[in-house]
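Please look over the sequence and the model first.

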Amino acid sequence: LTAWNAETASVCSADLGGNFCRIQPLYNLNFAPLSVGGGSVALFLLAYPAMAIASIPVAAITTRNTIGQWLGIAPPDPEVPYTISNILLTLSVVVPPFSIALITQDVQAVIQYVGGYAGLSVSFLCPLILLI
(Lines give C-alpha, C1' and ligand atoms only; values in the text may rest on other atoms or scores of the structure.)
Protein backbone atom coordinates (compact mmCIF):
# COMPACT_ATOMS: atom_id res chain seq x y z
CA LEU A 1 0.00 0.00 0.00
CA THR A 2 2.85 2.39 0.63
CA ALA A 3 4.00 2.05 -2.98
CA TRP A 4 0.89 3.91 -4.23
CA ASN A 5 0.41 6.10 -1.17
CA ALA A 6 1.55 9.32 -2.86
CA GLU A 7 -0.40 8.85 -6.10
CA THR A 8 -2.73 11.74 -6.84
CA ALA A 9 -4.58 10.54 -9.94
CA SER A 10 -8.14 9.56 -9.09
CA VAL A 11 -8.55 7.54 -12.30
CA CYS A 12 -6.18 4.70 -13.17
CA SER A 13 -4.64 4.41 -16.62
CA ALA A 14 -6.15 1.78 -18.93
CA ASP A 15 -2.78 1.10 -20.57
CA LEU A 16 -0.14 -1.18 -19.14
CA GLY A 17 2.66 0.94 -17.71
CA GLY A 18 0.37 3.99 -17.49
CA ASN A 19 -0.15 6.15 -14.44
CA PHE A 20 -1.06 4.58 -11.15
CA CYS A 21 -3.91 5.91 -9.06
CA ARG A 22 -5.05 5.91 -5.46
CA ILE A 23 -6.01 2.52 -4.07
CA GLN A 24 -9.77 2.07 -4.29
CA PRO A 25 -11.87 1.11 -1.25
CA LEU A 26 -12.97 -2.17 -2.85
CA TYR A 27 -10.00 -4.21 -4.01
CA ASN A 28 -11.52 -5.31 -7.30
CA LEU A 29 -12.14 -1.70 -8.41
CA ASN A 30 -8.37 -1.29 -8.72
CA PHE A 31 -8.53 -3.49 -11.85
CA ALA A 32 -11.52 -1.78 -13.49
CA PRO A 33 -9.63 0.28 -16.09
CA LEU A 34 -7.48 -2.59 -17.41
CA SER A 35 -7.74 -2.87 -21.18
CA VAL A 36 -5.95 -6.22 -21.44
CA GLY A 37 -7.88 -8.65 -23.65
CA GLY A 38 -10.33 -5.98 -24.75
CA GLY A 39 -11.37 -5.37 -21.15
CA SER A 40 -12.39 -9.00 -20.53
CA VAL A 41 -9.74 -9.45 -17.81
CA ALA A 42 -11.04 -6.36 -15.99
CA LEU A 43 -14.63 -7.58 -16.31
CA PHE A 44 -13.67 -10.97 -14.87
CA LEU A 45 -11.86 -9.37 -11.93
CA LEU A 46 -14.78 -7.01 -11.25
CA ALA A 47 -17.31 -9.88 -11.33
CA TYR A 48 -15.24 -12.26 -9.18
CA PRO A 49 -17.03 -11.43 -5.87
CA ALA A 50 -20.38 -12.15 -7.53
CA MET A 51 -19.08 -15.55 -8.61
CA ALA A 52 -18.21 -16.35 -4.99
CA ILE A 53 -21.76 -15.47 -3.92
CA ALA A 54 -23.14 -17.77 -6.61
CA SER A 55 -21.50 -20.78 -4.91
CA ILE A 56 -23.48 -20.38 -1.66
CA PRO A 57 -26.49 -22.52 -2.78
CA VAL A 58 -24.16 -25.36 -3.78
CA ALA A 59 -22.44 -25.23 -0.38
CA ALA A 60 -25.83 -25.23 1.41
CA ILE A 61 -27.08 -28.24 -0.57
CA THR A 62 -23.83 -30.14 0.06
CA THR A 63 -23.97 -29.39 3.79
CA ARG A 64 -27.63 -30.43 3.96
CA ASN A 65 -26.89 -33.74 2.24
CA THR A 66 -23.88 -34.40 4.50
CA ILE A 67 -25.90 -33.75 7.66
CA GLY A 68 -28.63 -36.03 6.33
CA GLN A 69 -26.12 -38.83 5.80
CA TRP A 70 -24.63 -38.34 9.28
CA LEU A 71 -28.09 -38.56 10.84
CA GLY A 72 -29.05 -41.57 8.72
CA ILE A 73 -31.87 -39.77 6.94
CA ALA A 74 -32.57 -41.12 3.48
CA PRO A 75 -32.27 -38.60 0.62
CA PRO A 76 -35.62 -37.31 -0.64
CA ASP A 77 -37.27 -38.83 -3.67
CA PRO A 78 -36.76 -36.51 -6.69
CA GLU A 79 -40.45 -36.91 -7.51
CA VAL A 80 -41.50 -35.70 -4.04
CA PRO A 81 -38.76 -33.33 -2.78
CA TYR A 82 -40.90 -31.48 -0.21
CA THR A 83 -40.75 -33.86 2.72
CA ILE A 84 -40.64 -32.79 6.34
CA SER A 85 -37.11 -34.17 6.80
CA ASN A 86 -35.82 -32.38 3.70
CA ILE A 87 -37.36 -29.06 4.74
CA LEU A 88 -36.04 -29.36 8.32
CA LEU A 89 -32.54 -30.27 7.11
CA THR A 90 -32.53 -27.34 4.69
CA LEU A 91 -33.70 -24.94 7.39
CA SER A 92 -31.10 -26.27 9.84
CA VAL A 93 -28.39 -25.36 7.33
CA VAL A 94 -29.77 -22.02 6.10
CA VAL A 95 -31.23 -20.42 9.25
CA PRO A 96 -28.09 -20.18 11.48
CA PRO A 97 -25.95 -18.18 8.99
CA PHE A 98 -28.85 -15.90 8.10
CA SER A 99 -29.73 -15.26 11.74
CA ILE A 100 -26.10 -14.41 12.58
CA ALA A 101 -25.96 -12.12 9.53
CA LEU A 102 -29.11 -10.32 10.68
CA ILE A 103 -28.04 -9.72 14.28
CA THR A 104 -24.34 -8.90 13.88
CA GLN A 105 -22.98 -5.42 13.41
CA ASP A 106 -19.28 -6.32 13.41
CA VAL A 107 -18.59 -8.72 10.55
CA GLN A 108 -14.87 -8.73 11.33
CA ALA A 109 -15.58 -10.24 14.77
CA VAL A 110 -17.55 -13.08 13.19
CA ILE A 111 -14.76 -13.73 10.70
CA GLN A 112 -12.16 -13.78 13.50
CA TYR A 113 -14.29 -16.14 15.59
CA VAL A 114 -14.92 -18.60 12.74
CA GLY A 115 -11.37 -18.33 11.43
CA GLY A 116 -9.95 -18.88 14.90
CA TYR A 117 -11.89 -22.09 15.39
CA ALA A 118 -11.05 -23.29 11.88
CA GLY A 119 -7.37 -22.55 12.44
CA LEU A 120 -7.33 -24.31 15.80
CA SER A 121 -9.12 -27.31 14.33
CA VAL A 122 -6.59 -27.60 11.54
CA SER A 123 -3.63 -27.11 13.89
CA PHE A 124 -4.87 -29.81 16.28
CA LEU A 125 -6.33 -32.33 13.84
CA CYS A 126 -3.66 -32.39 11.09
CA PRO A 127 -0.84 -33.60 13.38
CA LEU A 128 -3.22 -36.12 14.90
CA ILE A 129 -4.16 -37.48 11.48
CA LEU A 130 -0.48 -37.65 10.50
CA LEU A 131 0.25 -39.72 13.62
CA ILE A 132 -2.56 -42.17 12.92
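Q: Does Leu88 count as buried or exposed?
A: In this predicted model, the place of Leu88 is in helix 3, which covers residues 84-103. Its relative accessibility is 54%. Since the cut-off for an exposed residue is over 50%, Leu88 counts as exposed.

Q: How much accessible area does the nonpolar patch on the surface with Leu88 have together?
A: Leu88 belongs to a nonpolar patch on the surface.

Q: Is Asn86 buried or exposed?
A: Leaving aside neighbours within four places in sequence, Asn86 is in contact with Arg64, Pro76 and Pro81. Its relative accessible area is 12%, and the cut-off for a buried residue is under 20%. Asn86 is therefore buried.

Q: Which kind of aromatic pair do the rings of Tyr113 and Tyr117 form?
A: A search of the whole structure finds one aromatic pair. The ring centres of Tyr113 and Tyr117 are 5.0 Å apart, and the planes stand at 70 degrees. Planes over 60 degrees apart count as edge-to-face, so the pair of Tyr113 and Tyr117 is edge-to-face.

Q: Where do Tyr113 and Tyr117 lie?
A: Tyr113 and Tyr117 are both exposed. They are four residues apart, about one turn of the helix. An α-helix has 3.6 residues a turn, so residues three or four places apart point the same way. Both tyrosines, Tyr113 and Tyr117, lie in helix 4 (residues 107-131).

Q: How far apart are the end C-alpha atoms of helix 2?
A: Helix 2 has 15 residues, 56-70, and is followed by Gly72, whose phi is positive, near 75 degrees. At 1.5 Å a residue, helix 2 should span 21 Å. The model agrees with this expectation, because the end C-alpha atoms of helix 2 are 21 Å apart.

Q: How many helices does the protein chain have?
A: From the N terminus on, the elements run α-α-α-α. The chain has zero strands, and its helices come to four.

Q: What percentage of contacts between residues at least 6 apart in sequence join residues at least 24 apart?
A: Buried residues make up 8% of the 132 residues in the protein chain. The accessible surface of the chain comes to about 10600 Å², of which 72% belongs to carbon and sulfur atoms. Among contacts between residues at least 6 apart in sequence, the share that joins residues at least 24 apart is 10%.

Methods: Residues are numbered from 1 along each chain as its sequence is written. This is a predicted model: local features need pLDDT of at least 70, side-chain atom pairs count only at pLDDT 80 or more; totals for chains, interfaces and linings use all residues. Side-chain values use heavy atoms; hydrogens and water are left out. Patches are made of residues with over 30% relative accessible area and no salt bridge: like charges are joined within 9 Å, nonpolar side chains (Val, Leu, Ile, Met, Phe, Trp, Tyr) within 5 Å. Accessible areas come from the Shrake-Rupley method with a 1.4 Å probe; for residues, only the protein chains shown count as cover. A salt bridge is a side-chain nitrogen of Lys or Arg within 4 Å of a carboxyl oxygen of Asp or Glu. Helices (H or I, at least four residues) and strands (E, at least two) are DSSP runs, numbered from the N terminus. Buried means under 20% relative accessible area, exposed over 50%, partly exposed in between (1.4 Å probe, protein chains only). Rings of Phe, Tyr and Trp (its six-membered ring) pair if their centres lie within 6.5 Å; planes under 30 degrees apart count as stacked, over 60 as edge-to-face and the rest as tilted. The expected span of a helix is 1.5 Å times one less than its number of residues. Contact means heavy atoms within 4.5 Å.
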